[in-house]
Amino acid sequence: MEHSLNIVLIEPEIPQNTGNIARSCAATGARLHLVGPMGFHITDKQVKRAGLDYWDKLDITFYDTSEEFFEKNKDGEFFFFTTKAEQVHSDVSYPNNCFLVFGKETKGLDERLLKANHDRCVRLPMRGIIRSLNLSNAVAVGIYEVLRQWDYPALSLKGELHELKW
């Protein structure tokens, strides 16, 4: 069975984060969904630089609003990453074709969305003195937890490793 993972950024604000996330998606085969309004243009130099030369290897879809995104993906199984959740991200079993949803860097996801989906909210454990992780780091943790549970489908674990040069 072919596995499919979807990463959703709702109203991202920092171009470098989105570029780094795009690179993680390209490296793992995850689909990227960018939901506006965004705090930058996708053509911005910082976004392109952070994503390096991987943009052509990326499956990416753009939406003008979160309403448009949820309407076009209404049958999806969503998991909302937030510091306000009780459930830890690694305690969830992620189904094929699930959507990991992340909010903007400064405010996270809308409180109404979180309350309406309380049982689908997950958090990354961290020390209480820290408010949150950087968005691109949080997305990477989420991606690799899902792929770990799925036994890393379609990723090279052996045989295609880069050679060490001493």
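**Exercise 1.** Work out in which order the elements of the chain run from the N terminus on.

*Solution.* From the N terminus on, the order is β-α-β-α-β-α-β-β-α-β-α, where helices (H or I, at least four residues) and strands (E, at least two) are DSSP runs numbered from the N terminus. The model is predicted, with local features needing pLDDT of at least 70 and side-chain atom pairs pLDDT 80 or more, while totals for chains, interfaces and linings use all residues. Residues are numbered from 1 along each chain as its sequence is written, and side-chain values use heavy atoms, without hydrogens and water.

**Exercise 2.** Determine how the axes of α1 and α5 are placed.

*Solution.* First, the axes of α1 (residues 15-28) and α5 come within 8 Å and cross at roughly 15°; axes here are lines fitted to C-alpha atoms, for helices over the stretch in contact, and angles run from 0 to 180 degrees between N-to-C directions. Next, because angles under 35 degrees count as roughly parallel, α1 is roughly parallel to α5.

**Exercise 3.** Find which parts the salt bridge of Lys-104 and Glu-11 ties together.

*Solution.* The two side chains meet at 2.9 Å, N to O, and a salt bridge is a side-chain nitrogen of Lys or Arg within 4 Å of a carboxyl oxygen of Asp or Glu. Lys-104 lies in the loop between β5 (98-102) and α4 (111-116), and Glu-11 in the loop between β1 (5-10) and α1, so the pair joins parts 93 residues apart in sequence. Finally, Glu-11 is partly exposed at 23% relative accessible area, since buried means under 20%, exposed over 50%, and partly exposed in between (1.4 Å probe, protein chains only).

Definitions and conventions
Parallel < 35°, antiparallel > 145°, perpendicular 65-115°, else oblique.
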